[in-house]
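Here are my notes on this one, as a few numbered points. Have a look at the model first, then read on.

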Amino acid sequence: MEMINRYIYAVTQKLPQSQREDIAIELRGLIEDMLEERSGQGNRRENDVEEILLELGSPRSLADKYRGKKKYIIGPELFDTYILVVKIVLIVISSLIGIVFIIQTILEPMSILDHFIDMIVSAVTELPQAFGWTTFLFAIGELYGGMKQKDLIGKEWKPADLPPIPDEKRQIKRSESIVGIIFYTIIIVFLAFSNDYFGIWVFQDEFNGVVPFLNEQTYGSYLLFIVLIFGSGIIKECLKLVAGEWTYRLAAYTTIVNVVSMAAVLFMISGPDFWNPEFMNQLAEAGVVTAGSETFNTITTIWNQSTFWILILFIVGLVWDAVDGFIKSRKK
């Protein structure tokens, strides 16, 4: 029964979500009928099950017969996850664009028309980009999976090749991956399109502007690294959604993605031009602190050490994420 369950699971995972339950019932009935014809009501041997599964063919070929067509950019195995990720990304980006418009309008109500035009321009440019990049990444995943299957052409399929059904103890909660995708998307959109508001907000009876944390003159050159760092986080969460459970391969992929992210962070924030070199002077000019005061010196110390502690916290988080993946992969 275990081999039959694994076979049915392997076939149905390659079909659209709406068809899986019905086809699983139909396929189980078909296998039972074939077993009864072969062995009657007597003891069923494991060899009988293997022979029947060989007659039915590999899970991919049988799934193709049920599906009736093979041409697609993103196949059934990835399609449900793809739609979920597209919805999350588009909803988050749309919400952020709306929130930025509201904040800008509250802070500068006299420029509401300019803010509205900026919102429309952002929606027209950012939403198609998000949709396109998401589709592109999933299409690459589909292509890679198809290339792996081509390598199997000419090789005899055996029931022993069936992957095990995911272990509940190693399964990844979809909610965790969804929250991760939302978090990384918010960071990318905010830092890429609303970095002017990333700093200390100054109010003196009214909004007087922002003392930025980042160097506005060199920030554009670091934008690619920001997208790379947090975009790799989205890729990592998508891999978790597709895999559904922790495996050593997934843990290895996670480690590779985290290493790339750590290298990019190290290169980016350790550079002398990333942070605003005039931050403390601008803070004093804005009247937030008084130059030479104890508070000024304390904030200066914190500011000078911020890069080190941000880097440490980021590295610890990514290392723990990779280690935790390998630990969960060992659970049975």
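1. Ile117 sits at 43% relative accessibility, so it counts as partly exposed (buried is under 20% relative accessible area, exposed over 50%, partly exposed in between, with a 1.4 Å probe and protein chains only). Its place is in helix α6, residues 112–150 (helices are DSSP runs of H or I, at least four residues, and strands runs of E, at least two, numbered from the N terminus).

2. Before going further: this is a predicted model, where local features need pLDDT of at least 70 and side-chain atom pairs count only at pLDDT 80 or more, while totals for chains, interfaces and linings use all residues. Residues are numbered from 1 along each chain as its sequence is written, and side-chain values use heavy atoms, leaving out hydrogens and water.

3. Leu96 belongs to helix α5 (residues 76–107) and counts as buried because its relative accessibility is 16%. Leaving aside neighbours within four places in sequence, Leu96 is in contact with Thr185, Ile186 and Val189 (contact means heavy atoms within 4.5 Å). Its C-alpha atom is 7.8 Å from that of Phe190, 94 residues apart along the chain.

4. What about the loop between β2 (206–212) and α8 (219–243)? Asn215 lies there, and at 10% relative accessibility Asn215 counts as buried. Apart from its neighbours within four places in sequence, Asn215 is in contact with Asp273, Phe274, Trp275, Asn276 and Pro277.
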